[in-house]
Amino acid sequence: MGPSEKESPAADLLGQVTGKDPAVGLSAVVALRRLLEELERLHVDNAREQGWTWQSIATALQVSRQSVHEKHASRRKATGKEN
């Protein structure tokens, strides 16, 4: 396989998730959870930096305002991103 035919990390992960080996599949589930958490942190931070309210973020994530605030506000305060 040449460089232009190399699979993307997402395609590789998809292959792991849909494979028959439970050890590989479960490992892929863990990787997806970590990726999902990182994506949420990134986009919550982006939204707050652009002036979004906790309620707006919660609505977009389809969770309660309290849930998203509890999950992210203390982390943001600890890193100086939130008052």
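Good morning. The model is a predicted one, and side-chain atom pairs count only at pLDDT 80 or more.

How exposed are the two partners? Arg48 is partly exposed, with a relative accessible area of 21%. Glu82, at 15% relative accessibility, counts as buried.

Let me turn to the whole structure, where a search finds 8 salt bridges. Because Lys71 lies in helix H4 and Glu37 in helix H2, the pair ties together parts that are 34 residues apart in sequence. Lys71 also forms a salt bridge with Glu40, again with the closest N and O atoms 3.2 Å apart. Here too distant parts of the chain are linked, Glu40 in helix H2 and Lys71 in helix H4, 31 residues apart.

Lys71 is partly exposed, at a relative accessible area of 38%, and Glu37 is partly exposed at 31%. Glu40 has 19% relative accessibility, so it counts as buried, the limit being under 20%.

Next, the overall architecture. The chain has 4 helices and 0 strands, and from the N terminus on its elements run α-α-α-α. Its radius of gyration is 17 Å, well over the 12 Å that the globule rule gives for 83 residues, so the chain is more spread out than a compact globule. Along the principal axes, the C-alpha atoms fill a box of roughly 50 × 30 × 25 Å. Buried residues make up 18% of the 83 residues. The accessible surface comes to about 6,300 Å², of which 56% belongs to carbon and sulfur atoms. Among contacts between residues at least 6 apart in sequence, 32% join residues at least 24 apart.

I now consider helix H3, residues 54–61. Which of its residues are buried? They are Trp54, Ile57 and Ala58. These residues cover an arc of only 100 degrees around the axis, which puts them on the same side of H3. The buried residues of H3 pack against H2 and helix H4, residues 65–78. On the face turned away from the buried side, H3 carries the exposed residues Thr59 and Ala60. Gln62 follows H3 and has a positive phi, near 60 degrees.

Finally, the surface. Val17, Leu32, Leu35, Leu39 and Leu42 form a nonpolar patch there, with about 380 Å² of accessible area together. Which helix supplies the largest share of the patch? That helix is H2, residues 22–49, which contributes 4 residues. Val17 lies in helix H1, residues 9–18. With a relative accessible area of 34%, Val17 is partly exposed, and patch membership requires over 30%.

Thank you for your attention.

How values were computed:
Residues are numbered from 1 along each chain as its sequence is written. This is a predicted model: local features need pLDDT of at least 70, side-chain atom pairs count only at pLDDT 80 or more; totals for chains, interfaces and linings use all residues. Side-chain values use heavy atoms; hydrogens and water are left out. Patches are made of residues with over 30% relative accessible area and no salt bridge: like charges are joined within 9 Å, nonpolar side chains (Val, Leu, Ile, Met, Phe, Trp, Tyr) within 5 Å. Accessible areas come from the Shrake-Rupley method with a 1.4 Å probe; for residues, only the protein chains shown count as cover. A salt bridge is a side-chain nitrogen of Lys or Arg within 4 Å of a carboxyl oxygen of Asp or Glu. Helices (H or I, at least four residues) and strands (E, at least two) are DSSP runs, numbered from the N terminus. Buried means under 20% relative accessible area, exposed over 50%, partly exposed in between (1.4 Å probe, protein chains only). The arc is that of the directions from the helix axis to the C-beta atoms. Contact means heavy atoms within 4.5 Å. The radius of gyration is taken over C-alpha atoms; the globule rule is 2.2 Å times the number of residues to the power 0.38.
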